[in-house]
Structures are given as C-alpha cells and as structure tokens.
Amino acid sequence: MLTPLDIHQKEFRKGAWGYKPEEVEEFQRQAAQSFEELYKENLLLKEQVARCEENLSRYRQLEETLNSTLVLAQKTADEQRASAEREAEVRLREAQLQADQIVAAARTKQQEMERQYEHLRNQFRQFRVQFRAMLLSQLESVKGEDWEGMAGMVEPYADARPWSQAAVLDKEEQAG
C-alpha cells in the first residue's frame, strides 16, 4: 500500500516532450495531501470499528448475562409461586378441617342443649302435675268439715285490728 510519504518522494523521469515539473509536483503535493487525509480517516475509522466491535462483544456478553439472570429470576419466581400455591392449599385444608371440627362441636353442643331443654321441659311438666295435685289436695282439705266449724269461731282481739268494723266506726266518730 502506498503511503503519503511514497507519493511525496516519487520522482518521475523526464521524456523528450516531458511534463512540466511544477504541475507534476503540485499535483503530487495535492494527491499526497488527499491521500494523507484519507489514510488518517481510514485509520480513525478502523479504530472506531475496533472499538465498536469491542463494545459489541461486551454488550453481547452483557446480554447473555441479563438473559441468564432473567431466566434465573423467572425460574425463582415460578418456584416461589408454586411454593406459595402449595402453602395456600395446605392452609386451606387446615382451615377446612378446623371449620369441620367447629361445626361438629357446635352440632354436639346443640344436641346437648336440646337434651337439656327436653329434660327441663319434662321436669316442668312433672312439677306442674305435682303442684296441681298438691293444690287440689289442699282445696279438698279446705272443703272438709273441720273448716266449716272454724268459720263460726270468734277470733280473739279481732276488734283490735285497724281494719275491723269497730276500729273503722271509732275513726269515723273522731273525724266527724
């Protein structure tokens, strides 16, 4: 590959009719300058390409790392979701078991309370029958002949009571 220095140092031989040396040298200087600019630009572009390839390689590695991280995060999230679902199922079964036990205990208590209620109701009926029998018995004893004789008895100190007829008449006389 030619370098700008090669163009600068190139010497042309002169022929019989030859070129004007000033024009050849001016053209050589312009060509060398243009070639030098293109050469430097080419070097810069090669450096940029190298940096871009280096960055691309780094980004690809970063992409692979991110993909691996995302896959791992997704796997972890899936495992946690599955674990949470299993735990929720276990808790649900436990809650259902507790609810069944509470309902069974409530039914047992309800049956016990119904038995107690029926027992109290029977006791009340029995008491009512006994009480009625006792009252009837007492009524029959009051209707007996012994009580008829007592109806004619005079009570001692009967006039001393504040509601007796003698006490009421006495109060009326004093008042009026």
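Reply: Helices here are DSSP runs of H or I with at least four residues, strands are runs of E with at least two, and both are numbered from the N terminus. The model is a predicted one. The part to look at is helix α2, which takes in residues 21-142.

Begin with the chain around it. The protein chain has four helices and zero strands, and from the N terminus its elements follow the order α-α-α-α. Its radius of gyration is 65 Å, well over the 16 Å that the globule rule gives for 176 residues, so the chain is more spread out than a compact globule. The spans of the C-alpha trace along the principal axes are about 190 × 55 × 20 Å. Of the 176 residues, 3% count as buried. The accessible surface amounts to about 17000 Å², and carbon and sulfur atoms account for 57% of that surface.

Now the record. An unreviewed UniProt entry carries the annotation "coiled-coil region" for residues 35-62 and 92-130. What does the model show over these two spans? Residues 35-62 are 100% helix and 0% strand, with 40 Å between the C-alpha atoms at the ends. Residues 92-130 are likewise 100% helix and 0% strand, and here the end C-alpha atoms are 56 Å apart.

Next, the aromatic side chains. How many aromatic pairs does a search of the whole structure find? The search finds two.

The reasoning needs the cut-offs: under 20% is buried, over 50% is exposed, and partly exposed lies in between.

The other pair joins F127 and F131, again stacked, with 5.7 Å between ring centres and 15° between the planes. F127 and F131 belong to helix α2 as well, four residues apart, or about one turn of the helix. F127 has a relative accessibility of 48%, so it counts as partly exposed. F131 is partly exposed too, with a relative accessible area of 38%.

Some other residues of the helix show how sequence distance compares with distance in space. E94 is in helix α2, and its 48% relative accessibility makes it partly exposed. From E94 to F127 there are 33 residues in sequence and 49 Å in space, C-alpha to C-alpha. D100 also has its place in helix α2 and is partly exposed, with a relative accessible area of 45%. D100 and E63 are 37 residues apart along the chain, and their C-alpha atoms are separated by 54 Å. S34 lies in helix α2 and is partly exposed at 38% relative accessible area. Between S34 and A77, which are 43 residues apart along the chain, the C-alpha separation is 62 Å.

Finally, a residue outside the helix gives a point of reference. Where is E11? E11 is in the loop between α1, residues 4-9, and α2. Its relative accessibility is 71%, so E11 counts as exposed. E11 and E114 are 103 residues apart in sequence, and 130 Å separates them in space, C-alpha to C-alpha.

Note on methods: Residues numbered from 1 in each chain as written. Predicted model: local features only at pLDDT ≥ 70, side-chain atom pairs only at ≥ 80, totals over all residues. Heavy atoms only, no water. UniProt positions renumbered as here; feature names shortened; annotations may be inferred. Rg over C-alpha atoms; globule rule 2.2 N^0.38 Å. Buried < 20%, exposed > 50% of the residue type's maximum accessible area, 1.4 Å probe, protein only. Areas by Shrake-Rupley, 256 points an atom, 1.4 Å probe, with all protein chains shown as cover. Phe/Tyr/Trp six-rings, centres within 6.5 Å; stacked < 30°, edge-to-face > 60°.
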